[in-house]
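I opened the model to look up its charged pairs and its metal site. My entries follow in the order I made them.

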Amino acid sequence: MPKDCFYCTKDAKLDALMIELSRFPASTLYLSKDQTNPGRCIIALNDHQTELFYLEPSIRQQFMEDVSKCAYAIQQAFSPDKMNYAIYGDLVSHLHVHLVPKYKTGNDWGRAFNNNTDNINMLSTAAYLSLIERIKVYLK
Ligand SMILES: [Zn+2]
């Protein structure tokens, strides 16, 4: 397990950025603490792998099913105009997908999602828990 990967160590760096929302056999869903795009989440593979093409086909299929299931829940909970799926990993290579609800009147509409730390919308713990419950309703 890489000691410099916060998805593996689940250390304070992870806690500063996100809150665990639900854990599945192949992946874990997190609510992003940056809620500039309301409902924004991150889903990370449970094991440390860096690329989709390194995954066993059965794991890749399960991971993409989890991505789809979580995106559906966000869509139901927040009714964005479009869901975006961003896999970058330049700086944090552990395979993860940004699930970004996009709104026609909101941030980055018509452009690629910019994970820009200069433009963040942090909420209270109570507000995060409320959003988590709102998404969990549709994960069942
Ligand atoms: Zn990792």
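I set the burial terms before reading any residue: buried means under 20% relative accessible area, exposed over 50%, and partly exposed in between (1.4 Å probe, protein chains only). This is a predicted model, where local features need pLDDT of at least 70, side-chain atom pairs count only at pLDDT 80 or more, and totals for chains, interfaces and linings use all residues. Residues are numbered from 1 along each chain as its sequence is written, and side-chain values use heavy atoms, with hydrogens and water left out.

Salt bridges. I took a salt bridge as a side-chain nitrogen of Lys or Arg within 4 Å of a carboxyl oxygen of Asp or Glu, and I found 3 in the structure. Aspartate 108 pairs with arginine 111 at 3.3 Å, N to O. Arginine 111 is exposed at 53% relative accessibility, whereas aspartate 108 is buried at 8%. Aspartate 34 pairs with arginine 40, with 3.3 Å between the closest N and O atoms; both residues are buried. For aspartate 66 and lysine 69 I read 3.9 Å between the closest N and O atoms. Aspartate 66 is buried at 1%, and lysine 69 is partly exposed at 33%.

Zinc site. I counted as donors N, O and S atoms within 2.8 Å of the metal (3.2 Å for Na, K and Ca); water is not among the atoms, so sites may look incomplete. The protein donors of the zinc ion are Cys5 (SG), Cys8 (SG), His48 (ND1) and His94 (ND1), at 2.0 to 2.2 Å. Histidine 48 is partly exposed at 29%, while histidine 94 is buried at 1%.
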